Amino acid sequence: MEQGGVAVPRDKMQALRDQVDEVKDKMKENMERVIERGEKGLDLLAKAEEMEKGTQHLTQTTRKVARTYWWKNVKMIMVIVVVILIIVLIIILLATGVIPVSDPMPSVVTPIIKP
């Protein structure tokens, strides 16, 4: 065989073909790896989107729960304040005499008999 007017030995041609085949095989392997990485990247992207949706749901649920417990806390504080105000009002009414306090035991007066 001649290449550019120069005779190329058959062994050298076979060696070049072997190298070309080797390079082609390496390129195929590399392409397969790139495709696998792309698929893994898509899987990771899908998982990231799922996690983002889960995070949004968790945030909404957390806000609802926090709001619910805040209202429960406010209600409890209001009940405590009302009870304390009622107790203070009763004490003030008792101290000012608006609510009469009866004697625990009526005093017994002994009649004095005059002869």
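This is a predicted model: local features need pLDDT of at least 70, side-chain atom pairs count only at pLDDT 80 or more; totals for chains, interfaces and linings use all residues.
Me: Hi! How many aromatic pairs does the structure hold?
Reply: The structure holds one aromatic pair. Rings of Phe, Tyr and Trp (its six-membered ring) pair if their centres lie within 6.5 Å.

Me: Which rings are they, and how are their planes set?
Reply: They belong to Trp70 and Trp71, with centres 4.9 Å apart and planes at 75°, so the pair is edge-to-face. For the plane angle, under 30 degrees counts as stacked, over 60 as edge-to-face and the rest as tilted.

Me: And what is the relative accessible area of Trp71?
Reply: Trp71 has 46%, so it is partly exposed. Buried means under 20% relative accessible area, exposed over 50%, and partly exposed in between (1.4 Å probe, protein chains only).

Me: Thanks. What pattern does the chain follow along the sequence?
Reply: Reading along, you get β-β-α, with two strands and one helix. These are DSSP runs numbered from the N terminus: helices are H or I with at least four residues, strands E with at least two.

Me: New topic: which residues make the positive surface patch?
Reply: Lys26, Arg33, Arg37 and Lys40. Patch residues have over 30% relative accessible area and no salt bridge, with like charges joined within 9 Å and nonpolar side chains (Val, Leu, Ile, Met, Phe, Trp, Tyr) within 5 Å. A salt bridge here is a side-chain nitrogen of Lys or Arg within 4 Å of a carboxyl oxygen of Asp or Glu.

Me: Where is Arg33?
Reply: Arg33 sits in helix H1, residues 10–96, and is partly exposed at 48%.

Me: What about negative charge on the surface?
Reply: There is a negative patch too, whose members include Asp18, Asp25 and Asp43. Asp25 is in helix H1.

Me: And which residues form the nonpolar patch?
Reply: Val82, Ile86, Ile90, Leu94, Val98, Ile99 and Val101, together about 600 Å² of accessible area (Shrake-Rupley method, 1.4 Å probe). Ile90 is partly exposed at 42%.

Terms used: Residues are numbered from 1 along each chain as its sequence is written. Side-chain values use heavy atoms; hydrogens and water are left out. Lys and Arg count as positive and Asp and Glu as negative; His and the chain ends are not counted. The place of a charge is taken as NZ of Lys, CZ of Arg, CG of Asp or CD of Glu.
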